[in-house]
Amino acid sequence: MKQSCIFLFFLILVTSCDFVPKDVPNAQELLRKELHAIDWSKVDDYPSYESCDTIKDVEKSKECFFDKFEFETYTILRNDSLVKISTIDSVQFQVILTSKNELHFKTEKVNEKLMPKFMLDSIMNHHKNSFSKIQPATKRGIPVTTQFDLNLSLRVSSD
């Protein structure tokens, strides 16, 4: 009985103790694997206005943001005295929204020969504080800088 108790004790001791050293994962290697697993070309949450925050559907929230952003951009161009909006059919901006809520505009295309691209850039960058407060896009809960193209049609059809 005594021998079986001692044997049982050693058996439990041997099986419960970990005598084989295990490889501890390297923190840098884990970080590298995780960074490769993340799709950096997409964000978890798109930029948003406060009025669009209540929308739970991702696509509808994205649509709400772009609709309001286009409207505000159109309003700024329409109200600026240097822009002759009646002579411009459309304009394409490259917009950068930084993680710190800073907007930057770069005109990609404009169909107006009388207004150079750099002039529209300076007008939009001058009025960037006129936009409502925009929440930046997030990736894994962290604000990130996003870049997108904004195609704005300025002609109102008179049908």
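Author: The count comes to one disulfide. This is a predicted model, and the bond joins cysteine 52 and cysteine 64. Their sulfur atoms sit 1.9 Å apart. The cut-off for a disulfide is 2.5 Å, so the pair qualifies. A disulfide is a covalent bond between the sulfur atoms of two cysteines.

Where are the two ends? Cysteine 52 is in the loop between strand E1 (48-49) and H3. Cysteine 64 is in helix H3. Twelve residues separate them, and the pair links distant parts of the chain.

Is cysteine 52 buried or exposed? Its relative accessibility is 1%. Buried means under 20%, so cysteine 52 counts as buried.

Next, the nonpolar core. The largest one holds 23 residues. Phe69 and Phe93 touch the most other members. Which elements give two or more residues to this core? They are helix H3 (58-79), E2, E3, helix H4 (117-126) and strand E7 (146-153). H3 supplies the largest share, five residues.

Look at phenylalanine 93 itself. Setting aside neighbours within four places in sequence, its contacts include Thr73, Leu77 and Phe105. Leu120, Met124 and Phe148 are also among them.

At 35% relative accessibility, asparagine 101 counts as partly exposed.

Arginine 140 also has a positive phi, about 55°, and it is not a glycine. Arginine 140 lies in the loop between E5 and strand E6 (142-143).

Finish with lysine 139. This residue belongs to strand E5 (residues 138-139). Is lysine 139 buried or exposed? Its relative accessibility is 11%, so lysine 139 counts as buried. What does it touch, leaving aside neighbours within four places in sequence? Lysine 139 contacts Ile38, Asp39, Trp40, Lys42, Val43, Asp44 and Val144.

Technical notes. Residues are numbered from 1 along each chain as its sequence is written. This is a predicted model: local features need pLDDT of at least 70, side-chain atom pairs count only at pLDDT 80 or more; totals for chains, interfaces and linings use all residues. Side-chain values use heavy atoms; hydrogens and water are left out. Helices (H or I, at least four residues) and strands (E, at least two) are DSSP runs, numbered from the N terminus. Buried means under 20% relative accessible area, exposed over 50%, partly exposed in between (1.4 Å probe, protein chains only). Contact means heavy atoms within 4.5 Å. A nonpolar core is a set of buried Ala, Val, Leu, Ile, Met, Phe, Trp, Tyr and Cys residues joined through side-chain atoms within 4.5 Å.
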